[in-house]
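Me: Hi! I'd like to talk through a structure with you. Mind if I show it here and start asking?

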Amino acid sequence: MSAALEVAGEGRAFRATDPRTGAFVGEEFRVTTPEQLDAAVSAAKAAFPAYTALPPATRAAFLRRIGQELEAAREKIVETATLETALPAVRVGSELTRTVNQLAMFAELLESPAWLDARVDLGDANRTPSPKPDVRSMRRGLGPVAVFGASNFPLAFSVAGGDTASALAAGCPVIAKAHPSHPGTSAVVAEAVLRAADAAGLPEGVFAIVFDDGIEMGEALVRHPGIKAVGFTGSRAGGEALTRLAVSRPEPIPVYAEMGSVNPVFVMPGAAAARAKDLAEGLHASFTLGVGQFCTNPGVVFVPNQDTASELVDRLTRLTRGTPSAAMLNAKVCQGYVRGLEKLERAGAKRLASGVSGEGPNEGTASLWEVALADLEEDPELLGEVFGPSTLLVRYGSPEDLLAVAERLEGQLTATVHGEPFELEAGTPADALLQVLVDKAGRLIVNQYPTGVEVGPAMVHGGPYPATSDGRSTSVGTRAIERFTRYVAYQNFPEHLLPAPLKRG
């Protein structure tokens, strides 16, 4: 186990900081050197043939063992992550449970052959005018995968999170890139994965972790010829930069980057009038959840400008004013949030309310803004993501006016419509709006809220560009395994040389 962690050994030193105080916390880490990175990827490449050939049930047992090791280290993981991220212990504990459940979900998937999509097309030597060949095909892992840890999900989208779980399930070794904001958490989780690999007797190189205080090692990881795919959750700038690197290689590789979204919410007039209190409370809870640091927080809410929406807007304004600020994940995230608010103000948005300011160095204060629908035509940047506890109310005249703005939306992770039953009937403006939004978002929601991504087989956490770099993919749900596989066809193979899922019987 310790040998696999030597990739953290000899480079320049760095430490995590407590976002609440700005003080250094935890032990000192070392940036992975190019030589150590090459050794880790080379070991992963060497481990791939044996690992991907293991029976799926063996890989399933490995995933469950990772979950057991994470549970055994729960106290240390929660303590370390809380210190490095300022996330509440309850939230971290919940995220750890989600991480363990994700691993179990992919283990269960592996125990059914359906995920392989095995197809057998038997040959026919007597077919005329030419014999029909015997062709059989199935999914197979791509090879070593680089997984980048996310700042806002130190567990569920990081070292042992969904990208790692789905890649390992697919038969791909993983090189995890620890996020520089929570290296201690990443190290504790990596140790749990390595203990599980040792217990399962897996080849050395099936999993490794690299550390960096910036972007240098991450870029080198994507450039390395031994890496065959990348999983990333983070900013649009970061995801696009990695994608450019990946396609500029002599052998281009896919980057599955989840890059954020404004997650528009459309409130129909009937809903605004009938459910003002519930909508205000639900929207407030959703856009301020986690200090607004979820990729599914609603950043833009379309509400009618009639008197029917006055109670909704007034109540949402009051709730925002009473929202206490809280420490954000790190100084960089907080500074980005402040710049986002300044951008809204320069674009002409009217500030309706601000929350209660705190005294910490990286406090995020809730903010509620308002513009008219026509303002979006003059400055489309009003629809840009502000990563933090802020949302923009867009006042519209009639529901029919929403169709044009929906057509102009960029790709989104989610899109939500709130309406009363009579507003959701076939042929209504809301129905027409949903028909537009189905081409704009990976997940459509009616009368609920986008925060709270259910971890289940049917979930889609992705969307058209720029929500993700590949709108055909998802990073949550069992379909996530498809990102790290390719199809292989076996033609005219002797039965004994075929992979087990393609043999007769």
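Me: How many bridges join strand 3 to strand 4, and do the two run parallel or antiparallel?

Reply: This is a predicted model, and in it strands 3 and 4 run antiparallel, joined by three bridges. In that pairing, V120 stands opposite R136 in strand 4.

Me: What is the strand order in the sheet they belong to?

Reply: The order is 3-4-19, in an open sheet of three strands with antiparallel pairing. Strand 3 (119–121) and strand 19 (485–491) are the edge strands, each pairing on one side only. From one strand to the next, the twist averages 25°.

Me: Which way do strands 10 and 17 run, parallel or antiparallel?

Reply: Parallel: three bridges join strand 10 (residues 265–267) to strand 17 (residues 412–418). V265 stands opposite T416 in strand 17.

Me: Switching to helix 1: what span should it have, and how far apart are its ends?

Reply: Helix 1 has 19 residues (34–52), so at 1.5 Å a residue it should span 27 Å; the end C-alpha atoms are 26 Å apart, which agrees. There is also a kink of about 30° at A46, shortly before the proline P49.

Me: What does its buried side pack against?

Reply: The buried residues, including L37, V41 and F48, pack against several elements, among them helix 2 (56–72), strand 4 (135–141) and helix 7 (216–223).

Me: Last topic, the core. Which residues have the most contacts inside the largest one?

Reply: Those are F62, L70, F266 and F302, in a nonpolar core of 122 residues. Leaving aside neighbours within four places in sequence, L70 is in contact with I77, L96, T99, V100, L103, A160, V189 and A192. A second, separate core of 19 residues includes A276, A280, V301 and L352.

Definitions and conventions. Residues numbered from 1 in each chain as written. Predicted model: local features only at pLDDT ≥ 70, side-chain atom pairs only at ≥ 80, totals over all residues. Heavy atoms only, no water. Helix = DSSP H or I, 4+ residues; strand = E, 2+ residues; numbered from the N terminus. Expected span 1.5 Å × (residues − 1). Bend = angle between axes of the 7 residues up to and from the residue. Buried < 20%, exposed > 50% of the residue type's maximum accessible area, 1.4 Å probe, protein only. Contact = heavy atoms within 4.5 Å. Core = buried A, V, L, I, M, F, W, Y, C linked by side-chain atoms within 4.5 Å. Pairing = 2+ DSSP bridges. Axes fitted to C-alpha atoms, helices over the stretch in contact; angles between N-to-C directions.
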